[in-house]
Every structure is written in C-alpha cells, then in structure tokens.
There are 4 protein chains.
Amino acid sequence: MNSFGNIYRLTSFGESHGRAVGGVIDGMPPRKVIDLRQLQSQLDRRRPGRSPLTSARIEADRLQILSGVMGYDVLTGEAGPLTDECRHGITLGTPVGFMVENSDARSGDYEALRHVYRPSHADFTYDARYRIRDWRGGGRASGRETVSRVVAGAFAGQLLQEKGVAVSARICRVGGIDNPSAEELERVIMNARLDADSVGGVAECVITGLDAGVGEPVFGKLHQMLGSAMLSIGAVKGVEFGMGFEGVSHSGSEMADLFTVDEDGRIRTVTNNSGGIQGGISNGRDVVMRIAVKPTPTITREMPTVDDAGHQVTVNARGRHDPCILPRVLPVVEAMAAMTVLDAILMRNASEF
Amino acid sequence: MNSFGNIYRLTSFGESHGRAVGGVIDGMPPRKVIDLRQLQSQLDRRRPGRSPLTSARIEADRLQILSGVMGYDVLTGEAGPLTDECRHGITLGTPVGFMVENSDARSGDYEALRHVYRPSHADFTYDARYRIRDWRGGGRASGRETVSRVVAGAFAGQLLQEKGVAVSARICRVGGIDNPSAEELERVIMNARLDADSVGGVAECVITGLDAGVGEPVFGKLHQMLGSAMLSIGAVKGVEFGMGFEGVSHSGSEMADLFTVDEDGRIRTVTNNSGGIQGGISNGRDVVMRIAVKPTPTITREMPTVDDAGHQVTVNARGRHDPCILPRVLPVVEAMAAMTVLDAILMRNASEF
Amino acid sequence: MNSFGNIYRLTSFGESHGRAVGGVIDGMPPRKVIDLRQLQSQLDRRRPGRSPLTSARIEADRLQILSGVMGYDVLTGEAGPLTDECRHGITLGTPVGFMVENSDARSGDYEALRHVYRPSHADFTYDARYRIRDWRGGGRASGRETVSRVVAGAFAGQLLQEKGVAVSARICRVGGIDNPSAEELERVIMNARLDADSVGGVAECVITGLDAGVGEPVFGKLHQMLGSAMLSIGAVKGVEFGMGFEGVSHSGSEMADLFTVDEDGRIRTVTNNSGGIQGGISNGRDVVMRIAVKPTPTITREMPTVDDAGHQVTVNARGRHDPCILPRVLPVVEAMAAMTVLDAILMRNASEF
Amino acid sequence: MNSFGNIYRLTSFGESHGRAVGGVIDGMPPRKVIDLRQLQSQLDRRRPGRSPLTSARIEADRLQILSGVMGYDVLTGEAGPLTDECRHGITLGTPVGFMVENSDARSGDYEALRHVYRPSHADFTYDARYRIRDWRGGGRASGRETVSRVVAGAFAGQLLQEKGVAVSARICRVGGIDNPSAEELERVIMNARLDADSVGGVAECVITGLDAGVGEPVFGKLHQMLGSAMLSIGAVKGVEFGMGFEGVSHSGSEMADLFTVDEDGRIRTVTNNSGGIQGGISNGRDVVMRIAVKPTPTITREMPTVDDAGHQVTVNARGRHDPCILPRVLPVVEAMAAMTVLDAILMRNASEF
C-alpha cells in the first residue's frame, strides 16, 4: 500500500536513514517536456535547514532521475542521454524511477531511541504492525518520505500547467491565529521554539483552471481522492471542502450554489460553497480545501514515556526538529493535489471511446 | 471507480430509478455464519419513510442475496439452499452478489427535471462528465446508491463483532446545536421542514475493540482509508480524526498522547487526542472521527436555476425529501467504517507469512 | 479476485445453483448505443441444450440489465426507462449491473456428490482453499459462471465493432483431428458421447482491425492480458500466440517478420509469425492466438474416487454433460478477448494528455 | 502497467541505457532474514557475458538495496545499518527499493538504430504506442528490464524456501531437439552463432512443495497468474500447464487424475495430467508448466527493413547478442513463478479471518 493513484500512479519507497528515498511514477504521459530545474526547486521547498523556522538538518536532496526521461534540447527538439547538464527532459511514457540519497543521516543521534516510544509518534504503532522497525529518524514514518511525493507532484504540476490548471497552498491559520502575516507566522513559530514546544495550523489549497466534469462518482469522487491524498500526509488530522465543517450550521437555502450563465455562455455557479465539486465531480469553479495539521509531536523538552519492554523512561528530542511543520507541508499538499487532479483527468480520458 | 476496498471489496451498481441497486462483495472470508435478519434491519435503518423526520418514499428494500451465501442451520451445522425462510447463511468465500429492487420509483415525478440543473446537486456535473444522465431521482447520484454500502457494511460488521470490534455513529451537532437531545434534533428538523428549508450537522463515529497494529503506512493509512470512505458518502464535506481541526490550536506538549502501561501490562496512551491512530496505524485506543454533513440541497421552495440549454428556469422539489439527512447517514457511516476496518485487518493478515 | 480488466472491468458473481449468476461492468464508456438482442443472442450461443452436441440442461438464460443502461429509441434519439420491449439501450457511463437467474437448477441431482471429489474437477481444491463449497452443479467452478463473461464481452464487442475491430474464434482441432469440418466435429463428439467419454481440442481466436500501438509494455503486454483472459476460462490448459510452440523450432532468420510499406504508405510486416504483437504492443496485423481446451472431466461412466472423509467411492456423472466443451467455449473466448482488447484501448486513451 | 502482483507487488522501472534499472517491492512480509549474496548470485545467473553462449556485454550488475531492508547479524539477532559488508538483511515490511546501475552502456553502438525498425523487435510498436522511444539498446523493451524481476523473484524464492516451496526451470527443448544434454545445447547454440542466426526452445518450470488450496477461482486462477507472469517475459510466445496442448488429443477418461489417499492419509491424485492445478487452485502435486521461447530476433546478418520515415534500409546487429536466450531466461522464469506463488499464498492468508 505504498502506491497512490490509478493511472498516474506513484509507488514510493524509503526510510529516513536508509540509503535513499524515492519512487516510481507509472502512467506518465509520453512526449511531455519537463523543466528539470523546477523539479529540483520544488524539492528544495520541502527541504529542512533553509530558514530559522525549520529543522537544521542539511541535505543536498539532489534529485536523480533513473529512467523514463531522456534529455531534451528545446531548441533542436532532439532527445539524447539525460545528464546533469540537461535543463529539460522529455518523458518516454515508461515508468519514471527516481531517488534522492540520504546523505546527511546522523543515525547515531537516534541510537538512544532504539527501544523508546516517542509520544504521538509512530514508533509504537509500527512495532505493533510489523514487530520490527527502523528506529533511525522515524524510519518509514519520517517526513522525509514526502520527497517522493514532491517529485511526482512536480511532474504532475508541470503537466497540469500545460492545460491551465494550477494548484497552490497557503497557511491560513497557525497556532490560534487566522490569516497570519509572514511576520506573525515567524513570531508564532519562534515563540514555540523558545518554549521548547510546537504549534499546528491549517493550510488551504486551491485548484484553479479545472474544467467541469473531472472526477468519478461513488467511490472515486474528486474530493474523496483529494481527501485521501491529504490524509496520507503525516501530520494531517482533518480535511474539508468548500464551506466544510462551518457549512453544516447553515441552512440548505443559504448554502445552495445557484447556477447562472456567464458572459461566455457557460453555466457556472454564482457562489462556491461547494468548493468546486458537486456529486464528486468538478463544476468548473475553484476547488477549495483546508487541511488540519497537528503540532509537531517532536518537541525539545523532556517527556515521560515507555520503551518497548514497557519500562517508564524519559525522552528528549534534542536533534533537529521543526517547531511547526506547516511551511514544509505546503509543497507536499500541492504535490498530492496535483497528482490527484492529473490522475482524475486521465481517468476521464480513459472512458472516452 | 465503483469499487471500494482492497481485499474486502465492494463493487456497487444502480441508479435510483433503474431496475435495482446492489453490488458484489469480493474477498468475503469463507465459513462465516451470517444473521440474515440483521442485514435486513440495517437496510431498514437507512430506509426513508420511517418517521416524520425523513422522506415519505416507501420502499420495501428487501435484500436479495444472489450468490456467495448458502442457507445455514445453526443447530445442525448443515448448509443448504438459501431461501427466504433462512434465518442464517454461511459464506462460501466466493463473491456475494446482492440487490434491492427499486419498487416504488415514481419516475413521472421527475419528468420536469429532465433538463433542469438543481442547485448544489450533481445534475450539472454528471452532464459535464458523461454528457448523458439518468435524470430520474438523481440517478446514480441518488442517496439510494448507499443501499449497497449498508449491505456490505452489515456483513463486515458481523465479522468484526466476532473479533470484538464495534462501530457506532451518532449525531453530535445539528443546525447550530451541539450534542442535541433526541427532542432537540426532532425540533430542529421539523422547523427546517416548516421553513421549507434543510439543515446539516456533524456525525461522530467511534470504533472500539480494535487492536493496535491495523493500518498501512504512507498511502494506506487507516485514517486515510476511513476518510476516503467517509468522503465517498454523498453529503459529506469534511472529516477529522481525534482532536481534528480544533487540535491545531493547541501546542505539541498539550496534544501529546503520553504512553503508560495498563494493569494488563499493555502499552497504551493516557489521552486519545490522536483519535486512536498514529502514523496511520491503530494504537489500541478507540478510533474517533467526525464527519461534516451539509444541509440537503433539495428544499421544498421555489429556486431559480438553469436548464441544460442555459435558460433561466425555476425548480421546486415538491417530491419526498429529507430536511436533514443526518439520521439516515448514520448507518451509511457505520457501514463504510466497518468495511474499511475489516479490509485493513485482512491486509494485515495478508502480510503474515 | 473476481474482477477482470483495468478500466473496462468485469466483477463477476454466482454459483451454478444459487439464485443467479451475473456481474457488474465498471468503466463502461457513456453514450454507447447497444443492441440488446445481440447481447441475448450471444448468451444463447453459450447456452447448453441447443444441439445434440451439448448438455441437455435447458435454461432460458434471460439477461436482466439492472443498471447503467437506459432504453433508447434509435429513431428519436430519446432515452427512457429500460423495459423488456426495448430493442436498444444507451450506456450512462455508470456501472452496468446484470444477472441471469438460475431457473432450471435441479440441485437434487447433485445431492449424491455433496461429499465426493470428482476426478479432475475443482471439488477437492475448493475444499482445500475454502474448507466449504457449494457442491451443487460445480458451484462457483461451474461453466455457468461464464454467463457474466459473455455479457460483458458482448457489450465490449459492440463497442469494438464501432471502431472496426472484430473478434472471432473457431475450432481448429478436436480430438486428434486438425481443421475438422462441421461433420467431422459432430462425428467426433457423438463418438465420445457413445463411448461415455469426452474429447478436447484447440480453438483459434483472431482479432482483426486493431491499430498498431495497443498494449502496455512489461506487465501489461497485450498478449499477456489475452493469455491471462484465456487461462481464466475453465478448461483452458494452454495458450500460444502467432507461431507459438511450433515457432521455437525455427531459426530467428525464418521467424523474423520483415517490415514493408504498403500501398497506403503504412508500415506493416510482410509475414505475421509474431501473431500481431511485438514487445506486447499490437503491430497492426491480425492478432492470432490458439487455446488448448482439455477434454471435459465429467464423463458418463463409473469412475473410482474418494470422498471428503478419504473413503474410496465411485462416481458416475449421469446428469447433463457435454462430451466436448469446445463449441460452447468459443463465445467465451471471444468475449474474454473483446473485453481485453477494449480495456487495452481505454488504457492507451488514458495516457493521452 | 509496470506492476505485477496483488499483495507481493513489484513495480519495475528502467531503460537499457538509462541510468539504472530497478524496482520497488511492496507487500514484503516483515522480519524475514534474507541472504543477500544469494540475491546477487541470482542476478549473476541472468547476466550476459558469462559464457561463450551468451552476449558479450559485461556488467557488474551489482544490486543496490535502497530501502526496506536493514543489515542483520544472524549470530546476535541484531539489526543495524545495511552496508556492503552485510551478508544478511532483515525485511522491515516497508517497500524494498532497489536498483542496478547501467554501467557498460555503449549507447554509441546504437546511434545507427535511432530511426530504424529492427524486424520482430518492439521498435516499431513502441513508436506506434508512444510516438517516442529510447532507441538505445532496446530501451524499455530490452531484456535488461528483467533485472528487477530477478531481484523480486529471488526475495520471493527465499521466503518460499522457508515453507518448503521450491521453483526450478530447465531447458527441455532447443531448436528442434527435445531434452538436450548440456553438450547438445551448447552445440546447437554455437551452430546458430556460426550461422549468424538464432534458435528458440521450450523451458519447463516445476514448483514443488506447494500445499493444496493456493489460488483464487475465476479471475485469479493460479495457472492464469502464472501464465500471465510467463507471457510478460520478453520472448515468450506460449505457455501450457500439465499435459497442455498435447493433452487435448486424449480422451477425458485418459486425462482424469484419479484421487487416492496416500500413506499419510492425505488425499492426492495418482497422475498429474492437470499439472498440479484444478479449477485454478493447487491440488498439492507439483505445478508443471512449459514456456515457448522464440528465437532471438537480433541476428548478426544483414536484413532488410524500414526506418521511421518509411524508407527501405538494412540493419545488421553487429553488437553483443545472444544466439539463444533460453539459458538466461531460466532465472527470469523462476523469478516470475516465485513471485506469483508467494503472492497467491499471501492472498489466501488475507482471507483467513
């Protein structure tokens, strides 16, 4: 169950302190010209160590594409070997294998955690599930796993952009503060760091430019697939669409998205309480969703817990940790949304005969 | 995309006013004794026309099992033909085909809606997706489609019960009122009906008795699968787990579920802010989720809209409609949760070798 | 594992002597006009009791479409309720549920077989797999299960026909005789019946009109999917493509399908030793495969065997049985091939973006 | 469509002259001790350049495991980092990512083939499918793609061995000669090389030690899955089980596998004409299949063909090529069979509840 998507399908692998994280993208449409530097810059967005707000772990996180893409010269239109010098690649329609090596993995830091269950982490549940786990840096449950998502999502985003579809996420709540400015956001996070604590928040993701008619009814609803995508991200504890949880307190007459015909003769809704989706299918308006991101469970103060023998111990996550994961979650949210939307479009294409 | 689940897998079919709704359950474990009357009683719970709170459409909704189950005599332990007189059945491990006929389908009522797009309904988006739709009673987008879920969920629930796992849902908010009593609930819904309007609300679903270690990491997280299950239900606009959206305003130190060892020597968390799941895997505590259910878009007052030629028209849903869908959503929520949990347990079994 | 296909996907259900056999077709393209009588006539082809060559079991085998299709008037282009009078239907893009009732199931005939393992039948292996089985008429392992395939294949065949793709199967060997005439075929089968024995043979299936470029490399090869389709049919013990097993005795230079350019400027092969497929992808030539069908294991003479308690017993399949299953296998072969090819075309469409 | 298997599932990637070939194995059971050197030695078996009988291409083909396995000390039972010095690894239950770099890729050799369609190769059909292809060394259609299969199959083989299940393949026909001795085999292949030609043959694969009751009926039949596995291998044009194509000329009474009870009280068949499978489920006897392998299409003589502009050209595969692929196909056949059987066992486990 390490695959996501039906046609455009990412299969992910990797532990935080294994040799590499990466994945395989199957169902990649052929003959798509890819800006390779943009892939890398998306990866850089999720990388830790870029600002005082995030973890100090420094990794080059250099994307290595292993297959499915040849180098491409946009001037001549010629394909050739894919080298580090290539600015562009072209997809072959074959699976895209890729990886990012784990170069800066200080596994020694984690030796003390070998038998300890950190509160609100997955240490205990992985042991319950597999009766073995890689204790180093969270193993498979580490946020580092999102590398493969960001890569597959960046490819998807470039393909969607061709069709005028864009995905963007922003922080709309942090700690208890709605619509924080960049300064407020920084202040809240720095305060959490000083308190040796952490904060959560809410991200909003908007998909623009999507035609009406994308999504499958019943068990492949567009918002179901998007919700599944979002809830697969480590710290996400909730997801809502359009008016979401707040909308339930309104009456049906208030919430109805009335139809009109716009100047181009297209049918569209006047309001967008539904968040761009009705009956699981896009209606041509922006798709709008919000995601609840819990405060990071790793905090730099001493906490009581138990080890795998059931003994009471204390744990103190000295290492390199984010007091707020939200800024680094945004590219992951965008990536998962892009993959989901691209897959839904390909599914629609599949039924055209 | 009309299938749900990996091992225990429901494939659903049916339009509201076609001949029947039903489905096929693949991956049914063999040799399970099934109380057939309980299946029917679960179906009855979702049926309209049972109280003044729900739609007046009366249907027998008699479950017909077409395959995969033989009749079973619990006294003798003998299997035989499955007849209407059988109280119990026994599963064969082969796919369970079933259907419920659409006996009371007054299609004529819907002729006026043949070309009309009802606000916040799926009429327009189905046309955008398929360029054809069954306009009668919502067609495939009708709540009647949930019949197949309730049946597959009722089977799943009986299997889970054997292992001590129970799923139950309740209304925890309606209109703007939290924790409404039965009387308040009735009053709010009746008021909505008198106002020719509708109300939404929030349902909470709790899964008890689930061992630690159920769920798959990364793209098969237990709460991801549950969230996907919930968001596949017609009117659901959001889902959250444990402290959910509220939890994001708390600090990491407040939200940490500290571990302890209980009197039986088992490791468990003191609090349950995580809602019974960490890293996508159950931790042995109750799994807790809440679902936002929008107010029914069908209301019995005149509303402006457009038809499929883009003309302004009005629509008035005279027919038989629920001013609040929440009471009838509960068995669907329970059914989807039961299917999801059973499937996750079977997935875990699959990796035992 | 009762589903076949990726996009165009049949999920099948039914035991021979349960209430019904049937299935659900997901991924049906919308707005396809279907000749409903042709569906029924395909079903009639696989029905027993039509000639002295086949089993005497008489069943109406009347197809009941439960969903996914509305009635269609080809003159007016109007859709409406699907009734028994409709000659044509139109697909909605939603899943097509269908069934055929088991009307003539003389279960009593099988009571003697309740605990007996018939040689070369699936009685023993089903018990080994599930530790329960429906002993009546072969249960799920009965050839009656192919009803659902023929229906799903007949839909697929009509869609393919629109694109000029045709699938047809013929008997090319029976008993030891190659290319038997209709008279020889009848004689061989009648002789087997008189001998209280049975014969097998080889069927050849040819797919014409298929463009180059259909099929997926590596694990979705066109001939792999076709081979899987064929081997899923009850009595099939082998499958080969193009020159198949005989081709291995030739040299590479003899077997090479040289390319040429035809009068229309299209690249094509001069010979077709490859059977229309290279690297798992169609090359524009006829796809040619042959299927080995074993002699029916049910023969009308006394045979020694064991029962489920390990006692030596004898079995004599008095009932209604085919001395040669080949004539009735042909429509199943065509159906499975049609489904496979349609699915492969839809897969190709999915990657067009 | 680059994945194989349901639970134990390989997703493969890689072109012959890209950076690497490899894959991800999902569904790996946890806590399995793996002999890492045996994995490498299986890879070495399929490697070219090892004998005068095979291609001269020399590649180290060193397996790099990227995730899902930790190093394991069989003496202490301790897990640790996976390094090149580790003799053993232990599985984590998480996906096993792996790759083999393409170190000896002389792409320049293939420049002349950039626009040329080699007869009976996949050059033309890949272009028809994707309208782009990596022309170097066969690209994705190269036999080098089987590296990922051999790795995933070697893991599977080690797990099966634990349960007493073994898979082995041998050459039973080459050119026109049945049961060739090693000397005959060498002679036939050398003759083909001297003739600048190639030969095909038949491999037989036998699976021993498999319990009765493995396999799924209808669309997941054990021999269907094995057949699909075999037909996914590049040069395979046919597959048969038990008596296969020859069996069709026998009568039902001759072919019946009569049951008996062995000295251990277990029910088994006296003969094994069915090849160990009835109704798609293993019966406890050896599973026996044969695979038709076509003569290599790449031969070292000048042949006429066309290029992608439709011009007549000649092609002469000077490079490094096998006059007979059979010896190198054997480990691939074993690998695919091992993966298939392991997957089928895990599927059976999944339904135990």
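Colleague: Which residues of α5(C) are buried?

Modeller: In this predicted model, helix α5 of chain C covers residues 222-231 and is mostly covered, with 10 of its 10 residues buried. A residue counts as buried here if 20 or more other C-beta atoms lie within 10 Å of its own. The buried residues of α5(C) are Leu222(C), His223(C), Gln224(C), Met225(C), Leu226(C), Gly227(C), Ser228(C), Ala229(C), Met230(C) and Leu231(C).

Colleague: In the contact between chain C and chain D, how many residues on the side of chain C are nonpolar, polar and charged?

Modeller: The contact draws 88 residues from chain C and 88 residues from chain D. Sorted by class, the side of chain C that touches chain D holds 38 nonpolar, 37 polar and 13 charged residues.

Colleague: Which residue is the bridge partner of Glu240(C) in β14(D)?

Modeller: Strand β14 of chain C and strand β14 of chain D, each made of residues 236-241, pair in the antiparallel sense over three bridges. Within β14(D), the residue that partners Glu240(C) is Gly238(D).

Colleague: Which strands are the edge strands of the open sheet in chain C?

Modeller: This open sheet has five strands in the order β1-β2-β3-β9-β5, with antiparallel pairing. The strands that pair on one side only are β1 (3-4) and β5 (64-65) of chain C.

Colleague: What angle does the direction of helix α3 of chain C make with that of β3(C)?

Modeller: Helix α3, which spans residues 146-162 of chain C, packs on the sheet and touches β2 (9-13), β3 (20-26) and β9 of chain C. The direction of α3 makes with that of β3(C) an angle of about 35°.

Technical notes:
Residues are numbered from 1 along each chain as its sequence is written. Chains are lettered from A and ligands numbered from 1 in the order in which they are written. This is a predicted model: local features need pLDDT of at least 70, side-chain atom pairs count only at pLDDT 80 or more; totals for chains, interfaces and linings use all residues. Two residues are in contact if their C-beta atoms, placed from the backbone, lie within 7 Å. Ala, Val, Leu, Ile, Met, Phe, Trp, Tyr, Cys and Pro count as nonpolar, Asp, Glu, Lys and Arg as charged, and the others, Gly among them, as polar. Two strands pair if DSSP finds at least two bridges between them. Helices (H or I, at least four residues) and strands (E, at least two) are DSSP runs, numbered from the N terminus. Axes are lines fitted to C-alpha atoms, for helices over the stretch in contact, and angles run from 0 to 180 degrees between N-to-C directions. A residue is buried if 20 or more other C-beta atoms lie within 10 Å of its own, exposed if 12 or fewer, and partly exposed in between; C-beta atoms are placed from the backbone.
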